[in-house]
Amino acid sequence: MSISDLEKIPPAKAELVNPWFFKVHKILKHTECSGAAGARLMQLIKKFSETSPRHEKIANRFLRDEEVGFWEEWKSFMVDRLRGQTGFGEDDLLLSSVMNCMAALNLMPDKEWVRCWFHSAGEMKAFGPQALGNSIHALAKMGIHKIPSAFKEHWDAQAKARMDEFTEQDMSLALWGLARLRIRSKAENDFIRRFKQMLLTEPTTQHSLTSTQHFV
């Protein structure tokens, strides 16, 4: 059994959904499951949840079922991987996607989990624009306001260094997150300036326009 077996999301029928979630749980329990695999499992649950309103209800029930215990097991499993970075390495998108998935699924990690995530993020040298935008957006969406000063400094430095690589979506997520967390970023003015330039020169999605109205 492999994670690739889960890529196809089943219709919201008990006879198809139950085996799918059974496989999800079984892979998590496997002794060779890595941090990358654990992150991918949560990505797939998020994908499942977004398939339809019925799928969303099923995913919420699975994640919050205390008898099943998947959420508690997953948190414990991932904390161990975050502490040792087993299977993570310098994978910026993997780290940011874990936070993004939890925010999308309305799951709140405990303080130790968050502390280990910040530790694993380190100096964020591998974080690209997508990971920078996703991570700050997810932290804000989950209401995690106690951000270590080192994280803010490293985030700011990376954002300024890679400013030219940010897409509208990346900047929109970053600006929203900074505003919600009330973080005064040295990169913020650069984001706004670049956003204005892009608005004047390129077609812009409604999402981006809505997101920038608070800042421009």
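Is Ser135 buried or exposed? In this predicted model, local features require a pLDDT of at least 70 and side-chain atom pairs count only at pLDDT 80 or more, whereas totals for chains, interfaces and linings use all residues. Residues are numbered from 1 along each chain as its sequence is written, and side-chain values use heavy atoms, with hydrogens and water left out.

Ser135 is buried, at a relative accessible area of 0%, where buried denotes under 20%, exposed over 50% and partly exposed the range in between (1.4 Å probe, protein chains only). The residue belongs to helix H7, spanning residues 129-141; helices are DSSP runs of H or I with at least four residues, numbered from the N terminus. Beyond neighbours within four places in sequence, Ser135 is in contact (heavy atoms within 4.5 Å) with Ser96, Trp117, Phe127, Phe151 and Trp155.

Met198, in helix H10 (residues 188-201), is buried with a relative accessible area of 10%. Its C-alpha atom is separated by 7.9 Å from that of Glu168, 30 residues apart along the chain.

The chain averages a pLDDT (the predictor's confidence in each residue, from 0 to 100) of 85, and 88% of the residues score at least 70.

Note on methods. Helices (H or I, at least four residues) and strands (E, at least two) are DSSP runs, numbered from the N terminus.
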